[in-house]
Amino acid sequence: MKRKKYLHILTPDFLQQKYWRESMSTYQISQLIKCDPQNVRNYMKFFNIPFRQNKKSHINRKGKKAPNFKTGKLFSEGYIRVYKPTHLYCNKKGYVLEHRLVMEKYLGRYLKPEEIVHHRNEIREDNRLKNLKLFKNTGQHTSFHNKIKPKKQKR
Ligand SMILES: [Zn+2]
């Protein structure tokens with residue numbers, strides 16, 4: 001298989017770092033390690049790393065702050081907000097954080113304002129239910145983070 005050739009470089013950590021934290025495109029990553037862009041995409045799929053929904057979002061980071069009127073989604077501070085002016089807890093502009101909406105849909109109720117939805121892989125735009133974890137309040141969320149910081153091996 002072709003993809004084995006880059007297995008030592010295109011690790012899940014490397015891809016998440018470049019693609020999500022540094023907002024590079026798959027093309028830019030491929031230039032970095034001098035391979036075909038399709039290889040990068042294959043590895044992303046192989047490791048189940050989500051792709052950005054809006055292909056243009058990585059080109060212009062400023063564009064992320066402008067609402068996307070097609071989808072009604074707003075990208076700000078790394079989070080995705082959805083325009084829902086009828087929501088009980090929308091902000092003044094009528095937006096609700098998408099990851100909270102996903103959790104609410106799953107629970108079948110509104111989240112209390114003190115409840116916190118955490119992103120398991122730390123990618124704030126990755127709002128798949130399986131990437132989300134609910135905490136009762138900031139305190140529980142913070143202590144969770146303090147626990148996972150020194151990565152102790154559990155057996
Ligand atoms: Zn968190």
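Guide: An axis here is a line fitted to C-alpha atoms, for a helix over the stretch in contact, and an angle between two axes is taken between their N-to-C directions, on a scale from 0 to 180 degrees. The model is predicted. With that understood, the axes of helix 2 (residues 26–33) and helix 3 (residues 37–46) come within 8 Å of each other and cross at roughly 110°. An angle from 65 to 115 degrees counts as roughly perpendicular, so helix 2 is roughly perpendicular to helix 3. The crossing of helix 2 past helix 3 is right-handed. On the side of helix 2, the residues that make the contact are Thr26, Tyr27, Ile29 and Ser30; helix 3 supplies Pro37, Asn39, Val40, Arg41 and Met44. Sorted by class, the contact between helix 2 and helix 3 holds five nonpolar residues, three polar ones and one charged one.

To place these two helices, the protein as a whole has five helices and five strands. Along the sequence, the elements come in the pattern α-α-α-β-β-β-α-β-β-α. Of its 155 residues, 15% count as buried. Taking contacts between residues at least 6 apart in sequence, 34% join residues at least 24 apart.

Three of them form an open sheet in the order 1-2-3, and the pairing is antiparallel. Strand 1 (73–76) and strand 3 (95–97) are the edges; each has a single partner strand, so one side of each has no neighbour in the sheet. On average, and ignoring direction, neighbouring strands of this sheet are turned by 35° against each other.

The pairing can be followed from strand 1. Strand 1 and strand 2 run antiparallel and are joined by four bridges. Leu74 stands opposite Arg81 of strand 2, and Phe75 stands opposite Ile80 of strand 2. These two strands form a hairpin with two residues between them. Glu77 lies in the loop between strand 1 and strand 2. Although Glu77 is not a glycine, its phi is positive, at about 50°. Glu77 counts as exposed because it has 8 C-beta neighbours inside 10 Å.

On the other pairing, strand 2 (residues 79–83) is joined to strand 3 by three bridges, and the two run antiparallel. Tyr83 stands opposite Tyr95 of strand 3. Helix 4 (residues 98–107) packs on this sheet and touches strand 2 and strand 3, with its direction at about 75° to that of strand 3.

Within helix 4, the buried residues are Glu98, His99, Arg100 and Met103. An α-helix has 3.6 residues a turn, so residues three or four places apart point the same way. The buried residues of helix 4 pack against strand 2 and strand 3, and also against strand 4 (116–119) and strand 5 (132–135). Just after helix 4, Gly108 has a positive phi of about 75°.

Strand 4 and strand 5 have a loop between them, and Glu122 lies in it. Glu122 is not a glycine, yet its phi is positive, at about 70°. With 13 other C-beta atoms within 10 Å, Glu122 is partly exposed, whereas Glu77 counts as exposed.

Conventions. Residues numbered from 1 in each chain as written. Predicted model: local features only at pLDDT ≥ 70, side-chain atom pairs only at ≥ 80, totals over all residues. Buried ≥ 20, exposed ≤ 12 C-beta atoms within 10 Å, placed from the backbone. Contact = placed C-beta atoms within 7 Å. Parallel < 35°, antiparallel > 145°, perpendicular 65-115°, else oblique. Left-handed = near helix turned anticlockwise from the far one by under 90°. Nonpolar A, V, L, I, M, F, W, Y, C, P; charged D, E, K, R; others polar. Pairing = 2+ DSSP bridges.
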